[in-house]
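Please look through the sequence and the model shown below before reading on.

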Amino acid sequence: MWGSGKEAACAGPRSSLPAPTTTPNPSWALADGSAPEVIGHLQENYYNLCMEKSQKINSFILHILQELDEEIEKGSEGITLNIAGNSCLMPEERVTGEDFWILFRILKKNPYINGLDVRYNFISDVGAYYAARLLQKQHNLIYLNLMFNDIGPEGGELIAKALHKNATLKYLRMTGNKIENKGGMFFAAMLQINSSLEKLDLGDCDLGMQSVIALATVLTQNQTIKGINLNRPILYGEQEESTVHLGHMLKENHCLVELHMCKHNIKNCGIKQLCDALYLNRSLRYLDVSCNKITCDGMVCLADVLKSNTTLEVLDLSFNRIENAGTKYLSETLASHNRSLRALSVVSNNIEGEGLVALSESMKTNPTLSNVYIWGNKFDEATCVAYSDLIQMDRLKPDNTDVEPFVVDGHVYLAEVSNGLKKHYYWRPTYGEVCTNSPNAGFTLVPVGGHL
């Protein structure tokens, strides 16, 4: 459903929020008394509004809006407005909350914009208030990226509540905004009501145990969320309660396709909880358990579940410690049983030549596994020769791995290549295509949401 036709009344900023440097005027009138144009000439509208409200003109925004006007004049539709604050090619002024207020005024009725990316700026809770207003007024917006914008718990609450009645947004990135446990609870409450959001990124948001458990509980009933990122919550204790609850959720939920649990302090007991769930789950295609404390004992459970699980396609085990023994368990399953896994990352797992060669051998009998990432382990010459042979015989495409062979004095070595499952998760390349397949293979193989 593209817009509910209803607009929720949005309360003004709470007293705890910093006030904008200029008082927002609800009138749409410009300095000459005329109404600004709803579409086209966005640069001129921005300039006039800044003059009227005595707001400093952000030259970066002015430049981006000029490019946007040109796109609209060409007849482009479904445009994502990219005002990312970490561009290396332009000495930008970071967008503030007051800047975002002006953007809200000129974008809230624009039918050509369906995505807004303001990552790495300083919009703070003030900008979060206007982002919430935008979610209520803009019925074409399907993608909103607010990652790393100094938004706190109060701003998180405003955005979560705005999504109660929003029926158009499909993908929201809150990555890196410290909404903490309080903000996470409001997002959990939102997921009980919202029926349009398909992907939610709450990674690096300092979520607490309470909010992670609440989100897991809500997802047992939610039928629309297809991808969720809960990376790096702030957890205390050694009992892995969050993993237990997320494992229970996977047993009940048959819609979730993508789950990120990076830095959850998962140990072998926790991965066993997830494996028990994967015996029953028939929807999850992308599981990210990187940067945890999983060892070879945990791989016994995972290798066993992969013998019967036919849905999991992307598995990220990077930065654990599965070593040779764990890699052998996986390799045996991949060689003889599993024919659904398409991408596996074992980057930086303290694997030596014996384990890496076993993994390469499994690819010779497994026709499905196409992407393997091994950098950061201990290469010997046998490893280098094995992966060089896979690449030369075209069993392993150069774009589907993070190593490249080269020869010095008759000996084969492997060099690192910037390919992976999610290389551009935190940053954007300065040159070339932003979302090429080889650095972001995980999102290419399992596409949930149209943006990184």
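## Neighbouring helices α6 and α7

Helices α6 and α7 are roughly parallel to each other, a term that applies to angles under 35 degrees, while angles over 145 count as roughly antiparallel, 65 to 115 as roughly perpendicular and the rest as oblique. Their axes come within 8 Å and cross at roughly 10 degrees, with α7 covering residues 209–219; such axes are lines fitted to C-alpha atoms, for helices over the stretch in contact, and angles run from 0 to 180 degrees between N-to-C directions. From α6, the residues N181, G184, M185, F187, A188 and L191 meet M209, Q210, S211, A214, L215, V218 and L219 of α7, where contact means heavy atoms within 4.5 Å. Sorted by class, the contact of α6 with α7 holds 9 nonpolar, 4 polar and no charged residues; here Ala, Val, Leu, Ile, Met, Phe, Trp, Tyr, Cys and Pro count as nonpolar, Asp, Glu, Lys and Arg as charged, and the others, Gly among them, as polar.

## Basis of the model and overall content

This is a predicted model, in which local features need pLDDT of at least 70 and side-chain atom pairs count only at pLDDT 80 or more, whereas totals for chains, interfaces and linings use all residues. Residues are numbered from 1 along each chain as its sequence is written, and side-chain values use heavy atoms, with hydrogens and water left out.

The secondary structure of the protein chain comes to 14 helices and 13 strands; helices (H or I, at least four residues) and strands (E, at least two) are DSSP runs, numbered from the N terminus. Of the 452 residues in the protein chain, 54% are buried, where buried means under 20% relative accessible area, exposed over 50%, and partly exposed in between (1.4 Å probe, protein chains only). Among contacts in the protein chain between residues at least 6 apart in sequence, 81% join residues at least 24 apart.

## Two further helix pairs

Helix α5 (residues 153–162) packs with helix α6 (residues 180–191) at an angle of about 5 degrees, and their axes are 8 Å apart. That angle makes α5 roughly parallel to α6. The contact is made by P153, E154, G156, E157, I159, A160 and K161 of α5 together with E180, K182, G183, F186, F187 and M190 of α6. The residues of this contact of α5 with α6 comprise 6 nonpolar, 2 polar and 5 charged.

Helix α3 (residues 97–107) and helix α4 (residues 124–137) pack at an angle of about 15 degrees, with axes 8 Å apart, and this makes α3 roughly parallel to α4. On the side of α3 the contact is made by G97, E98, F100, W101, F104 and L107, and on the side of α4 by V126, G127, Y130, A131, R133, L134 and K137. These residues of the contact of α3 with α4 divide into 8 nonpolar, 2 polar and 3 charged.

## The parallel sheet

An open sheet is formed by 11 strands in the order β1-β2-β3-β4-β5-β6-β7-β8-β9-β10-β11, and the pairing is parallel; two strands pair if DSSP finds at least two bridges between them. The edge strands, each pairing on one side only, are β1 (79–82) and β11 (371–373). From one strand to the next the twist averages 5 degrees.

Strands β1 and β2 run parallel and are joined by 4 bridges, with D117 in β2 as the bridge partner of N82. Strand β2 (residues 113–117) is also joined by 3 bridges to strand β3 (residues 143–145), to which it runs parallel, and D117 stands opposite N145 in β3. Helix α2 (residues 59–73) lies across β1 and β2, running at about 170 degrees to β1.

Y373 has its place in strand β11 and is buried, with a relative accessible area of 1%. Leaving aside neighbours within four places in sequence, Y373 is in contact with residues including L344, V346, N400, D402, L421 and A441. The C-alpha atoms of Y373 and V417, which are 44 residues apart along the chain, are separated by 9.9 Å.

Strand β12 (residues 403–408) and strand β13 (residues 411–416) run antiparallel and are joined by 6 bridges, with F406 standing opposite Y413 in β13. The hairpin of β12 and β13 has 2 residues between the strands, and D409 takes a positive phi near 55 degrees there.
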